[in-house]
Amino acid sequence: MRRRWEQARRKPTVSSQFRDSLHALMATLSVSNPFFIRCIKPNMKKNPNVFDPEVVLNQLRYSGMLETVKIRRAGFPVRRTFKDFFSRYKIIMKDRVPAAAAAADDKKKSTDLLIKYDKTKKEWQLGKTKVFMKESLEHRLEKDRDEVRCQAAMIIRAHLLTFSAKKHFKQVRSSVITLQKHLRRHVQRKRFVKQRQAALVLQRHRRGQVARARARKLREEKKKVEEEQKKKEEEEKGASGTDEQEETTDTDDKKDETRQMEGNPAVGAGDRALTEEEGG
C-alpha cells in the first residue's frame with residue numbers, strides 16, 4: 001500500500017507539467033536573443049501579388065510602428081561594442097594604430113574617431129561597453145569606410161593587373177626573343193650559305209684564272225723551246241746544206257777539169273805531171 005501511494009505521489013500532474021515547461025521556456029529565452037516579427041497584410045482579400053497602400057499604412061499606424069521608428073530615429077539605434085566598432089572603422093583613420101595599442105584601449109581610440117566626425121557629441125554617446133550612434137553618423141562612417149575599401153581594392157587590383165601584365169610581358173618578350181633568335185639564325189645561315197657560294201664561285205674563277213695563266217705560260221715556254229729547237233735545227237740544216245753545196249761545187253769543178261783534160265791531152269799530161277811532182 002505504501003509503495004502504491006508513493007508511486008501515485010510521484011506521478012506528475014498537469015500543473016507540474018505546465019510549471020516545468022514554463023521554466024524550460026524561460027530558461028531558453030534567457031539564453032537567446034528573441035526577435036519579434038510583425039506581420040502586415042498586403043490586402044484584405046488575401047490575394048497574391050496585390051499590394052494595397054492604404055491597408056498597409058493603417059496597419060502600421062495602429063500597430064505603433066511609425067512611433068517606434070520616430071523614437072528610434074530620435075534615440076541611438078546603432079549600438080556596437082568598442083572592440084567591434086574600432087575593428088570595423090579603424091581603416092578610415094589616417095594615422096596607423098599599432099595592434100597592441102588598439103587592443104589595449106579600444107574605448108579611447110573609438111572616442112578619438114567619433115570626435116573627428118562629431119565634436120558636439122549630438123550623434124553619439126558612450127556606454128560602459130558599447131558605442132551608441134545615430135543612423136546619420138553610421139551612414140557617414142559606412143560611406144567613408146566604403147571609399148577607403150574601394151581605394152584599397154583599386155590599389156590591390158592595380159598591383160594584380162601590374163603583376164599579370166608583367167608576367168604576360170615577360171612571356172611575350174621571351175617568345176619574341178625566341179622568334180628573333182630563330183629568325184636571325186635563319187637570316188645569318190642564309191647569308192652565310194650565299195657568301196659561301198659566292199666565295200666558292202670566286203675561288204673557282206680564281207683557280208681557273210691561275211690555272212689558265214699557268215697553262216698559257218707553259219704553252220709559251222713550250223712554244224719558245226720549240227721555236228729555239230726549230231731555229232737550231234734550221235741553223236744546223238743551213239750549215240749542212242752549205243757544206244754539201246761546197247762539196248757539190250768542188251765536185252763540179254773537178255768534173256769540169258776532168259772534162260777539160262779529156263778534151264786537151266797535153267794539158268792533161270802537164271797537169272798530171274804537176275800533180276805527180278806535187279805528190280812526190
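A salt bridge is here a side-chain nitrogen of Lys or Arg that lies within 4 Å of a carboxyl oxygen of Asp or Glu. The model is predicted, so local features need pLDDT of at least 70 and side-chain atom pairs count only at pLDDT 80 or more, while totals for chains, interfaces and linings use all residues. Residues are numbered from 1 along each chain as its sequence is written, and side-chain values use heavy atoms, with hydrogens and water left out.

**View 1. A salt bridge joins Lys108 and Asp112.** The N to O distance between these two side chains is 3.4 Å, and a search of the whole structure finds five salt bridges. Lys108 and Asp112 are four residues apart in helix H7 (residues 106-117), and therefore about one helical turn separates them. Helices (H or I, at least four residues) and strands (E, at least two) are DSSP runs, numbered from the N terminus. Lys108 has a relative accessibility of 45% and counts as partly exposed, and Asp112, with a relative accessible area of 29%, is also partly exposed. In these legends buried means under 20% relative accessible area, exposed means over 50%, and partly exposed lies in between (1.4 Å probe, protein chains only).

**View 2. Arg140 and Glu123 form a salt bridge.** Their closest N and O atoms are 2.6 Å apart. Because Arg140 lies in helix H8 (residues 135-263) and Glu123 in the loop between H7 and strand E2 (124-126), the pair ties together parts that are 17 residues apart in sequence. Arg140 is partly exposed, its relative accessible area being 34%.

**View 3. Arg88, Glu142 and Arg145 are linked in a network of salt bridges.** Within helix H8, Glu142 and Arg145 are three residues apart, about one turn of the helix, and their closest N and O atoms are separated by 3.9 Å. Arg145 is buried, with a relative accessible area of 12%, and Glu142 is buried with a value of 16%.

**View 4. Phe18, Leu22, Leu25, Met26 and Leu29 make a nonpolar surface patch of about 500 Å².** Patches consist of residues with over 30% relative accessible area and no salt bridge, where like charges are joined within 9 Å and nonpolar side chains (Val, Leu, Ile, Met, Phe, Trp, Tyr) within 5 Å. Accessible areas come from the Shrake-Rupley method with a 1.4 Å probe, and for residues only the protein chains shown count as cover. Leu25, one of the patch residues, is placed in helix H2 (residues 14-30) and is partly exposed, with a relative accessible area of 46%.
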